[in-house]
Amino acid sequence: MAAKPDIHPLMPDRWDDLVQLFGPERGAYGGCWCMYWRHDGTRRAFYEGSRAEHKRQFGEIVRTDVRPPGLIAYLDAQPVGWVAVGPRDAFPRFRKTKASRLEDGASHDGIWSINCFYIDRTVRGRGLMADLLDAAVRFARDHGAVAVDAAPLDVTRKLIAGEGYVGVASVFRAAGFEIISRASVPRPLMRLVVS
């Protein structure tokens with residue numbers, strides 16, 4: 001990517017930019033509105049919820065949480081990318097999923113996670129995921145993280161639309177993340193110690 005993106009925390013005054021990026025009705029991949037990893041129920045229960053409800057819930061998080069739930073990237077003042085980043089405890093589904101679950105009794109203290117990317121189709125394949133990842137790691141470190149976890153997709157085949165929303169392992173490896181477990185073959189649990 002020739003021009004470096006401007007990347008900012010998603011504060012309430014940037015909500016309309018995220019809506020523009022995700023699509024007012026679409027809500028990024030499958031109408032998730034970045035609520036999938038924040039949901040504590042079953043996968044089925046999540047998908048039985050409406051896109052409008054997911055949008056309302058995420059909008060409430062953006063308006064009321066002390067900490068922004070992620071970062072939004074801009075090129076030429078247009079929103080083009082998103083990454084979700086926060087303490088592991090903010091993402092119940094991430095904590096429970098086979099790929100990203102820690103060993104029983106392992107502490108989550110100070111561990112953050114990066115679990116979702118959305119990149120506008122017009123700029124995919126230009127390195128924006130790496131820029132967002134770098135900014136998310138800095139954001140986590142600056143907000144007290146001691147380590148950052150992710151469970152990105154680790155495959156060599158061409159990805160189908162939306163499949164890489166969890167991130168791509170090669171991008172995480174290039175940023176210094178290391179595999180700490182592999183309970184799921186295509187999605188290793190990777191970690192970067194930041195303190």
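This is a predicted model: local features need pLDDT of at least 70, side-chain atom pairs count only at pLDDT 80 or more; totals for chains, interfaces and linings use all residues.
Helices (H or I, at least four residues) and strands (E, at least two) are DSSP runs, numbered from the N terminus.

**View 1. The seven strands of an open sheet.** Let's start with the sheet, whose 7 strands follow the order β1-β2-β3-β4-β5-β7-β6 with mixed pairing. At the edges you will find β1 (6-9) and β6 (178-181), each of which pairs on one side only. Ignoring direction, neighbouring strands of this sheet are turned by 30 degrees against each other on average.

View 2. Strands β1 and β2 run antiparallel and are joined by 4 bridges. Look for Ile7, which stands opposite Ala73 in β2. A second pair to find is Pro9 with its bridge partner in β2, Leu71. How many of the residues of β2 are buried? The count is 6 of the 6, so this strand is largely enclosed by the rest of the structure. In a regular strand, the side chains alternate between the two faces of the sheet. Both faces of β2 are covered, with Gly70, Ile72 and Tyr74 buried on one side, and Leu71, Ala73 and Leu75 buried on the other.

**View 3. The hairpin of β2 and β3.** Here β2 (residues 70-75) runs antiparallel to β3, and 6 bridges join the two. The two strands form a hairpin with 2 residues between them. Take a look at Asp76 in the turn, where phi is positive at about 50 degrees. Further along, Leu71 stands opposite Val83 in β3, and Ala73 has Gly81 of β3 as its bridge partner.

View 4. In β3 (residues 78-87), 9 of the 10 residues are buried, so the strand is largely enclosed by the rest of the structure. Strand β3 pairs with β4 (residues 111-119) in the antiparallel sense over 7 bridges. To place the two strands by eye, find Gly86, which stands opposite Ser113 in β4. Helix α1 (residues 15-22) lies across β2, β3 and β4, and runs at about 110 degrees to β3.

View 5. The largest pocket has a volume of about 390 Å³. Its lining has 19 residues, and the closest to the centre are Ile119, Arg124, Gly125, Met129 and Val168.

**View 6. Arg63 and its surroundings.** Our last stop is Arg63, in helix α3 (residues 51-64). Which residues does Arg63 touch, not counting those up to four places away in sequence? The contacts are Pro12 and Arg56. For a sense of scale, Arg63 and Val185 are 122 residues apart in sequence, and their C-alpha atoms are 37 Å apart in space.

Definitions and conventions:
Residues are numbered from 1 along each chain as its sequence is written. Side-chain values use heavy atoms; hydrogens and water are left out. Buried means under 20% relative accessible area, exposed over 50%, partly exposed in between (1.4 Å probe, protein chains only). Two strands pair if DSSP finds at least two bridges between them. Axes are lines fitted to C-alpha atoms, for helices over the stretch in contact, and angles run from 0 to 180 degrees between N-to-C directions. Contact means heavy atoms within 4.5 Å. On a 1 Å grid over the protein atoms alone, a cavity is a set of points where a 1.4 Å probe fits but cannot get out, and a pocket is an open set with protein on both sides within 12 Å along at least five of seven lines; lining residues have an atom within 4 Å of a point. Grid points are joined across faces, edges and corners, and a volume is the space filled by probe spheres set on the points.
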